[in-house]
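Student: I would like to learn how to read a protein model. Could you take me through some features, step by step?

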Amino acid sequence: MSDEQHSDDQQDGPGFDLGLPEAAPAVTAAPAPSAGASPGAYRVLARKYRPQNFADLIGQEAMVRTLRNAFSSGRIAQAYILTGVRGVGKTTTARILARALNYEPADGAAGGPSLDLAVMGKHCRDIIESRHVDVMEMDAASNTSINDIREIIESARYRPVMARYKVYIIDEVHMLSTAAFNGLLKTLEEPPEHVKFIFATTEIRKVPVTVLSRCQRFDLRRVEAGTLAAHLSGICAREGVTIEPEALSIVARAAEGSVRDSLSLLDQAIAHGGGTVSADEVRRLLGLADKGRVIDLFEALMKGEIARALAEFRDQYDSGADPAVILTDLADFTHLVTRLKIVPDAADDAALVEAERVRGSEMAQGLSMRVLARAWQMLSKGIGEVQQAPKPAQAAEMVLVRLAYAADLPTPDDALRRLKDQPAPSAPSSAPSLPSGGGGGGGGPRLSLAPRPAEARPQPRADIRVDARAAMPAEGPRLGSLADVAALAAARRDLALKHGIETQLRPVHVEDGRIEVALVPGAPGSLIQDLSRKLNEWTGRRWMVSVSSQSGGPTLAEENAAVKAEREEGIKAHPLVAAVLARFPGAEVVDVRTREEPPADEGLAPSEEDYLAGPGADDEIEF
């Protein structure tokens with residue numbers, strides 16, 4: 001092999017040390033390109049550091065373990081399908097698998113398929129460089145027809161030329177036509193013993209189930225941000241690049257689990273920083289906001305300080321941050337605080353920066369789960385509004401205003417306590433709380449980031465029922481009518497039983513401890529047993545509920561309907577209402593609501609002139 005050929009292999013081959021056979025001469029590393037070198041001499045990091053064996057794969061331990069056990073026991077399938085998001089290594093894994101299937105030691109010793117690929121074999125380099133005659137790759141995105149599959153079927157009949165197996169790698173297999181899939185089924189199910197198929201796809205749901213059932217499926221996982229940051233740190237050390245740990249975390253999280261995306265972003269950041277990469281440069285490069293400033297904005301919103309929050313947002317926007325990205329970062333931090341509240345050990349994640357780890361843990365202790373859930377919902381909806389708005393900055397500011405004003409609103413449980421005149425327990429005076437700002441406009445108390453141990457976990461519903469029984473008199477409630485029984489079912493939140501009492505029972509005789517009713521046609525027979533059992537449980541006394549042969553009176557629903565109809569007929573006879581109905585043809589009286597009469601000591605009784613004057617301004621009549 002000439003020196004020129006050695007140079008070509010050094011440029012086009014893999015970036016890792018491939019461990020050439022001992023018989024071959026050692027290849028020295030190519031010198032660094034000079035300032036006047038050709039632009040095509042540089043290989044991007046995504047190609048230079050592409051894995052060459054299963055030991056180089058990161059984040060796919062489950063797949064590697066399964067394949068290792070299968071190869072060691074001889075359970076090698078005839079077809080594999082690899083799926084996952086972009087950049088997790090589907091095509092790379094397919095090439096490594098083809099290399100493992102055809103691995104033969106370079107010294108000619110006997111061997112079989114193996115996943116131990118640390119030492120280069122006879123066919124390894126050709127397979128890695130995609131020029132082996134028995135390992136054929138096809139891009140299904142540009143070869144979708146049945147004719148392309150027919151060529152594969154015809155060539156599969158012949159034995160391999162050099163290697164142990166003929167391996168067909170079909171990338172983006174979901175792009176094949178229906179006819180192509182159907183034509184492949186027979187060969188895929190019963191291929192010749194010397195043929196193996198490896199498929200790769202990002203859209204596994206588009207692959208017919210008839211194909212999936214003939215393959216062993218491996219789902220390649222997204223690589224965790226911490227693992228990806230450590231991988232990028234090792235590459236920077238090999239490249240001699242100085243990079244801040246926070247910058248590595250930003251790149252790893254921006255890649256969203258894709259190794260190729262992370263390497264492309266790192267390549268761009270190195271070029272942007274000239275060999276030294278800082279976190280601020282990466283943020284400006286990606287259009288991201290400073291993580292510490294995002295936390296400051298979140299803190300201002302949770303305290304209801306609208307003026308401070310808007311000023312912080314405008315400052316980040318003027319610095320080049322995208323409004324939708326700012327809201328997305330706020331949503332990410334809200335999710336982080338929620339995770340830290342539920343799983344405090346999540347703070348040990350290597351992908352978190354120090355500000356997220358420390359301040360996120362503090363806020364997780366001070367904010368309730370209901371507040372965090374409300375903030376998440378508002379931000380999730382706001383991100384969509386900003387992305388569709390003609391002026392995203394203004395739309396983002398309105399989202400922040402809503403979020404800050406929500407800091408004044410009580411949570412549903414606090415509002416329920418106030419309605420019942422049961423104020424929520426105040427936080428301990430010794431707990432430090434953040435000062436409230438003056439930007440809010442609501443009337444409720446400010447959200448505080450002070451720790452509230454009492455809200456660590458909501459009480460189960462069983463405790464609420466126990467408290468309700470303890471508050472009742474010892475002898476339980478007295479029920480004198482079917483309406484009282486329905487009201488008790490409503491108070492106990494048994495809406496199904498309440499509906500059955502109102503619509504399916506006709507009262508015959510009702511007294512405390514004994515109920516005799518008639519069932520309407522079609523009523524379930526279990527209604528009587530359910531009613532008896534629930535009354536015994538709720539009142540603490542034994543009740544006798546029986547079905548009578550008499551017809552019984554009207555049901556509660558029929559009585560309510562009759563009362564409503566009588567009210568509507570009565571109000572239609574009023575001169576003012578009649579005039580309105582005549583003035584607007586087609587108008588109808590939908591409902592009539594009666595206000596409670598004020599106590600006698602709060603005002604004089606209405607005079608006869610008041611009745612004749614018709615409805616007043618406070619009377620409600622719905623049309």
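Tutor: Start with a network. Asp296, Glu299, Lys303, Glu305, Arg308 and Arg359 are linked by salt bridges. Keep in mind that this is a predicted model.

Student: How many salt bridges does a search of the whole structure find?

Tutor: The search finds 31. Let us read a few of them.

Student: Which residue does the side chain of Asp261 meet in a salt bridge?

Tutor: Asp261 meets Arg86, at 2.8 Å from N to O. Now place the two partners along the chain. Asp261 sits in helix 11, residues 259-273. Arg86 sits in the loop between strand 1 (79-83) and helix 4 (90-101). They are 175 residues apart, and the pair links distant parts of the chain.

Student: Is Arg86 buried, partly exposed or exposed?

Tutor: Buried means under 20% relative accessible area, and exposed means over 50%. Arg86 has 33%, so Arg86 is partly exposed.

Student: Where does Glu312 lie, and where does Arg293 lie?

Tutor: First, the bond itself: the side chains of Glu312 and Arg293 form a salt bridge of 2.8 Å, N to O. Glu312 is in helix 14 (residues 306-318) and Arg293 is in helix 13 (residues 291-302), so the pair ties together parts 19 residues apart in sequence. Next, check the cover. Glu312 is buried, at 19% relative accessible area. Arg293 is partly exposed, at 21%.

Student: Which side chain meets Arg293 in a salt bridge of 2.7 Å, N to O?

Tutor: That is Asp315. Asp315 lies in helix 14 and Arg293 in helix 13, so this pair ties together parts 22 residues apart in sequence. Asp315 counts as partly exposed, with 38% relative accessibility.

Student: What about disulfides? How many are there by the rule?

Tutor: A disulfide is a covalent bond between the sulfur atoms of two cysteines. To count one, look for a pair of cysteine sulfur atoms within 2.5 Å. By this rule the count here is zero. Cys124 is buried, at 1% relative accessible area. Cys236 is buried too, at 2%.

Student: Now the whole chain. How many helices and strands does the chain have?

Tutor: The chain has 26 helices and twelve strands. It holds 623 residues, and 39% of them count as buried. Its accessible surface is about 34,500 Å², with 52% belonging to carbon and sulfur atoms.

Student: And how do I read the contacts?

Tutor: Look at how far apart the partners are in sequence. Among contacts with a separation of 6 or more, 72% join residues 24 or more positions apart.

Notes: Residues numbered from 1 in each chain as written. Predicted model: local features only at pLDDT ≥ 70, side-chain atom pairs only at ≥ 80, totals over all residues. Heavy atoms only, no water. Buried < 20%, exposed > 50% of the residue type's maximum accessible area, 1.4 Å probe, protein only. Helix = DSSP H or I, 4+ residues; strand = E, 2+ residues; numbered from the N terminus. Contact = heavy atoms within 4.5 Å. Areas by Shrake-Rupley, 256 points an atom, 1.4 Å probe, with all protein chains shown as cover. Salt bridge = Lys/Arg side-chain N within 4 Å of Asp/Glu carboxyl O.
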